[in-house]
Amino acid sequence: MRTISSKDNKIFRLCQQLSQKKYRDKLGLYLIEGENLLEEAVKNGAEIKTVLARPDYGGCFFGTEDKVFSLDDNLFRQLAQTETSQGIIAIVAKPEISPARFLDEGGGGNFVVLDRLQDPGNIGTILRTADAAGYSLAIVLKGTADVFSSKVVRAATGSLFRMPVVFMDSVDELMEFTRAAGKKLVATCFDTDRYYYDENLKENIALIIGNEGNGISRELIEGSDLKIKIPMHGNIESLNASVAAGILMYEAVRPQ
């Protein structure tokens, strides 16, 4: 197995760069860590560029042996994003899909729209839940934290390899896209008498999940086709974003 032992090695330096969003965006690459994520990446056809293994790694490479380098233990610790790393890191190419291409390929199913969410755990959990509930696309609006950061990737537990993600800069772009796809924009807000179970959320919707502190933008609420709310008792004003998303997305699989 080829060995990397110098901090000046170009692959090691590339991995250091990929800890920053600007390089992930520029290079179209990101990092995954752990045997389970590597297995999911291979199983779902992700483009794996390089695999770095700690010298004591004794797990499986899932057919990527020709891309594996042994990385000095001290250097590996500098790259690892988890306290108890499993000893394997991979460089993966971001999947390339545009809104136009998604529509050309069918554009079916429900969409989830991330409106300026910031918490990586929430973002990853929402992507994972959308995947489990059979949603077909995640739309990431400008101002949302990077979905390819290490914390989001871990929280999504492999769903990023299955769930197509497209990025949009404006509400106008989102509304034009969802109309072309035949989806109803669904917003949660207080300014409505309709509860989520009063509406059909099973199909052909684009469900908006808003920022943790400020909720969905006023522009999006005003431009939505459906406004709904989740009933809450006592003095609770809102739910965690990923919890609310789970309740609403699972309407898609609830029996009639």
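**Exercise 1.** State which residues lie nearest the centre of the second largest pocket, and how its lining divides by class.

*Solution.* Seventeen is the size of the lining, written 17 residues, and Ala93, Lys94, Pro95, Glu96 and Phe161 lie nearest the centre of this second largest pocket. A pocket is an open set of points on a 1 Å grid over the protein atoms alone, with protein on both sides within 12 Å along at least five of seven lines; a cavity is a set where a 1.4 Å probe fits but cannot get out; lining residues have an atom within 4 Å of a point. By class, 11 lining residues are nonpolar, 2 polar and 4 charged (Ala, Val, Leu, Ile, Met, Phe, Trp, Tyr, Cys and Pro are nonpolar, Asp, Glu, Lys and Arg charged, the others, Gly among them, polar).

The model is predicted: local features need pLDDT of at least 70 and side-chain atom pairs 80 or more, while totals for chains, interfaces and linings use all residues. Numbering runs from 1 along each chain as its sequence is written, and side-chain values use heavy atoms, without hydrogens and water.

**Exercise 2.** Describe the lining of the largest cavity.

*Solution.* Leu31, Ile32, Glu33, Leu37, Leu79, Gln81, Ile89, Ser150, Val153 and Arg154 form this lining. Its classes are 6 nonpolar, 2 polar and 2 charged.

**Exercise 3.** Is Cysteine 15 buried or exposed, and how many disulfides are counted?

*Solution.* Cysteine 15 is buried at a relative accessible area of 1%, whereas Cysteine 60, at 34%, is partly exposed (buried is under 20%, exposed over 50%, partly exposed in between, with a 1.4 Å probe and protein chains only). The count is 0 disulfides, a disulfide being a pair of cysteine sulfur atoms within 2.5 Å.
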